[in-house]
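I opened my notebook to look over one protein chain.

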Amino acid sequence: MLKFINRDTRDHSKESLAERRYHRVKGKSLKNILLDRFINNYGYDKGIVTANAIVENILTIIEQYYRYSDNSFIKHGQMVWHAVPIDEYPKKGKSIAQTKLKPIVLDIISDVDIEDMKTPMHHREIRIKKVERWTHQAYDQGALLTQLDLAVLLGVNEYTAGNYVREYQSLYNRPLPTRGNIQDMGRGQTHKNDIITMYLNGYLVPTICQRTKHSKDAVERYIRDFEAIRLLNNKFDDLNTISLITRLSKSVVQQYIYLIPQNN
């Protein structure tokens with residue numbers, strides 16, 4: 001006797017598939033697992049609203065008990081990553097093996113990511129949101145992520161990770177707190193040269209932003225630092241003094257001094 005498979009009558013639109021994926025992933029959270037145990041295994045009969053409040057309270061107590069302030073308690077969707085502290089500046093010949101690192105906690109998959117699954121999004125938009133979140137989380141914990149860090153976390157190459165950083169800065173007109181932006185490493189130095197050279201040649205900030213793909217805030221910061229160092233360089237012949245006044249590293253101060261025209 002032939003057996004016929006029931007016809008699949010489910011909605012297979014992008015929106016419906018995204019909704020089903022969302023519920024599958026959301027169901028894996030510790031909160032939902034505990035809720036299911038309360039309702040279906042522990043014989044709790046006071047309703048899901050009360051059970052939900054109890055579970056929320058339990059999770060808060062667990063986090064407060066284990067985590068304290070050292071990020072030792074890792075929640076679902078988080079991971080520990082080692083990043084360079086904000087006050088660990090680069091030096092010539094200094095390898096990453098000789099550089100101090102500190103453990104930080106990053107939300108690899110956050111509640112926001114899961115909520116975003118309700119609506120189909122382009123992978124580029126998803127990755128840019130992650131880059132924004134991770135760089136700010138690292139900065140808030142006293143560390144800085146490099147483009148290589150972001151590339152490894154995203155599973156892409158450094159060039160692509162750098163494009164995501166620049167695209168974010170172009171879209172929102174504000175820089176991300178990456179190590180390159182904060183400590184002026186790598187391509188940041190080339191950008192600094194380009195920005196100050198155009199500024200000295202009379203280009204206005206909007207034009208510089210357009211040509212260098214930098215945000216208005218970033219360009220104005222470069223110009224403000226340059227002008228401060230140009231003024232102080234006429235008054236002090238001491239790199240340490242200028243560094244202390246501007247709160248910029250001596251290497252960065254020296255980079256700006258090299259850009260001051262000889263006839264200044």
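My entries follow, from the whole chain down to the details.

**Entry 1: the chain.** I noted that this is a predicted model. I found 13 helices and 3 strands in the protein chain. I then looked up burial: of its 264 residues, 33% count as buried. I also looked at contacts with a separation of 6 or more, and 57% of them join residues 24 or more positions apart.

**Entry 2: a helix pair.** Two packed helices are described by the angle and the distance between their axes. I looked up both for helix H11 (residues 216-235) and helix H13 (residues 250-259). Their axes come within 9 Å. They cross at roughly 80°. Angles of 65 to 115 degrees count as roughly perpendicular, so H11 and H13 are roughly perpendicular to each other.

Which residues of H11 and H13 meet? On the H11 side I listed Tyr-222, Asp-225, Phe-226, Ile-229 and Asn-233. On the H13 side I listed Val-253, Tyr-256, Ile-257 and Leu-259. By class, this contact has 7 nonpolar, 1 polar and 1 charged residues.

**Entry 3: the largest pocket.** I looked up its volume, which is about 750 Å³. The largest pocket is lined by 25 residues. Nearest its centre lie Ser-29, Leu-59, Lys-75, His-76 and Asp-111.

Which helices supply at least two residues of the lining? I wrote down H1 (14-26), H2 (30-40), H3 (48-67) and H4 (111-116). The largest share, 6 residues, comes from H3. By class, I recorded 8 nonpolar, 8 polar and 9 charged residues in the lining.

Key:
Residues are numbered from 1 along each chain as its sequence is written. This is a predicted model: local features need pLDDT of at least 70, side-chain atom pairs count only at pLDDT 80 or more; totals for chains, interfaces and linings use all residues. Side-chain values use heavy atoms; hydrogens and water are left out. Axes are lines fitted to C-alpha atoms, for helices over the stretch in contact, and angles run from 0 to 180 degrees between N-to-C directions. Helices (H or I, at least four residues) and strands (E, at least two) are DSSP runs, numbered from the N terminus. Angles under 35 degrees count as roughly parallel, over 145 as roughly antiparallel, 65 to 115 as roughly perpendicular and the rest as oblique. Contact means heavy atoms within 4.5 Å. Ala, Val, Leu, Ile, Met, Phe, Trp, Tyr, Cys and Pro count as nonpolar, Asp, Glu, Lys and Arg as charged, and the others, Gly among them, as polar. On a 1 Å grid over the protein atoms alone, a cavity is a set of points where a 1.4 Å probe fits but cannot get out, and a pocket is an open set with protein on both sides within 12 Å along at least five of seven lines; lining residues have an atom within 4 Å of a point. Grid points are joined across faces, edges and corners, and a volume is the space filled by probe spheres set on the points. Buried means under 20% relative accessible area, exposed over 50%, partly exposed in between (1.4 Å probe, protein chains only).
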